[in-house]
Amino acid sequence: MSEAEVFRARALAGVAHGFLGRQGGVSTGDMASLNVGLGSRDDPALIAENRRRAVAAVLPGARLVSVHQVHSADCITVVEPYEDRLRPHADALVTDRRGLILGILTADCAPVLFADAKAGVVGAAHAGWKGAIGGVTDSTVAAMETLGASRDRIVAAIGPCIARASYEVDAGFLARFAEADPDNERFFTEGRREDHWQFDLEAYVAHRLAAAGVRTVEMLGQDTYAQPGHFYSYRRATHRGEPDYGRQISLIGL
């Protein structure tokens, strides 16, 4: 049995965390192997075992809490565990409670983990392009502050996500970001096709974090699309005509 592959951030050293890849699970086929996506067509029993293994690799014995992700900017504060079937619709979580571990699922979108170790507050956000431009990272920082965190002490790490070289978008997508802020055009370079562009999601999320006053932001620089042996990718699965896709999980807890 292979072990779960866990990517860690130097900025979060001393805090239990991990960006997990797709290795070390029990799922098979297109979902092989550590698929944790409750919304996938995978066997629920296999998903449950994969989620258990993921938690054990990061904070053994902790109770996993996640959300039903909807590409929003909404962040919830978790004060006690709840069943998976009761997951609220949101895209970020924060807590100051020990024994809980926050989980965010991705398959190209950017997972962002946050911590203010001195205050004992952690957070996790799912930042796809909609959530990123909508302010999901801003919401997470604000929610952490309500628990006693200080934004000048918060550190953040952006985990594996689709990289600019793999993320082609059309002119309408670029226009949406340029309308929000003309300076956003710097996160786009000309694509390989006419009227198409390559978008740097990771750099954009890092920019939003810095603009929110987060002084330490680490980017892991791992491209989910380009590494099929290590990560699930919605866009890659779509391009290959696969009927479904797995999700990886990013975790942080106290």
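In β14, isoleucine 252 is the bridge partner of histidine 17. Four bridges join β2 to β14, and the two run antiparallel; strands count as paired if DSSP finds at least two bridges between them. This is a predicted model: local features need pLDDT of at least 70, side-chain atom pairs count only at pLDDT 80 or more, and totals for chains, interfaces and linings use all residues. Residues are numbered from 1 along each chain as its sequence is written, and side-chain values use heavy atoms, with hydrogens and water left out. Helices (H or I, at least four residues) and strands (E, at least two) are DSSP runs, numbered from the N terminus.

**Strand β14**

- β6 also pairs with β14, in the antiparallel sense, over six bridges.
- Within that pairing, serine 250 of β14 is the bridge partner of isoleucine 104.
- Six of the six residues of β14 are buried, so the strand is largely enclosed by the rest of the structure. Buried means under 20% relative accessible area, exposed over 50%, and partly exposed in between (1.4 Å probe, protein chains only).
- Gln248, Ser250 and Ile252 point one way from β14, while Ile249, Leu251 and Gly253 point the other way.

**Helix α1 and arginine 53**

- Helix α1 covers residues 44–58 and holds arginine 53.
- At 1.5 Å a residue, the 15 residues of α1 should span 21 Å; the end C-alpha atoms are 22 Å apart, which agrees. The expected span is 1.5 Å times one less than the number of residues.
- Aspartate 43 caps the N-terminal end of α1, with a side-chain oxygen 2.8 Å from the backbone nitrogen of alanine 45.
- The buried residues of α1 are Ile47, Asn50, Arg51, Arg53, Ala54, Val55 and Val58.
- An α-helix has 3.6 residues a turn, so residues three or four places apart point the same way.
- The buried residues of α1 pack against β2 (16–20), β3 (63–65), β6 (100–106) and β14 (248–253). Contact means heavy atoms within 4.5 Å.
- Arginine 53 has a relative accessible area of 16%, which means that arginine 53 is buried.
- A polar atom of the arginine 53 side chain lies 3.1 Å from the backbone oxygen of glycine 24. A polar contact is a pair of N or O atoms within 3.5 Å; within protein, one must be able to donate a hydrogen and the other to accept it, and residues adjacent in sequence count only if both atoms are side-chain atoms.

**The six-stranded sheet**

- An open sheet of six strands runs in the order β4-β5-β8-β7-β9-β13, with mixed pairing.
- Its edge strands are β4 (75–77) and β13 (216–219), each pairing on one side only.
- Neighbouring strands of this sheet are turned by 15° against each other on average, direction ignored.
- β4 and β5 run parallel and are joined by three bridges. Threonine 77 has valine 94 of β5 as its bridge partner.
- β5 and β8 pair in the antiparallel sense over four bridges. Here valine 94 has glycine 123 of β8 as its bridge partner.
- β9 (residues 155–158) and β13 pair in the parallel sense over four bridges. Isoleucine 158 has methionine 219 of β13 as its bridge partner.
- Both faces of β5 are covered: Ala92 and Val94 on one side and Leu93 and Thr95 on the other are all buried.
- Helix α3 (residues 136–146) lies across β4, β5 (92–95), β7 (110–116) and β8 (121–127), at about 165° to β8. Axes are lines fitted to C-alpha atoms, for helices over the stretch in contact, and angles run from 0 to 180 degrees between N-to-C directions.

**Nonpolar cores**

- The largest nonpolar core has 34 residues; Val112, Phe114, Phe188, Phe199, Leu201, Val205 and Leu209 have the most contacts inside it. Such a core is a set of buried Ala, Val, Leu, Ile, Met, Phe, Trp, Tyr and Cys residues joined through side-chain atoms within 4.5 Å.
- α5 gives the most to this core, with five residues.
- A second, separate core of 24 residues includes Val67, Ala124, Ala157 and Leu220.

**Asparagine 184**

- Asparagine 184 lies in the loop between α4 (171–180) and β11 (188–190).
- Asparagine 184 is buried, with a relative accessible area of 3%.
- A polar atom of its side chain lies 3.0 Å from the backbone oxygen of phenylalanine 177.
- Asparagine 184 touches Phe177, Tyr204 and His207, not counting residues up to four places away in sequence.
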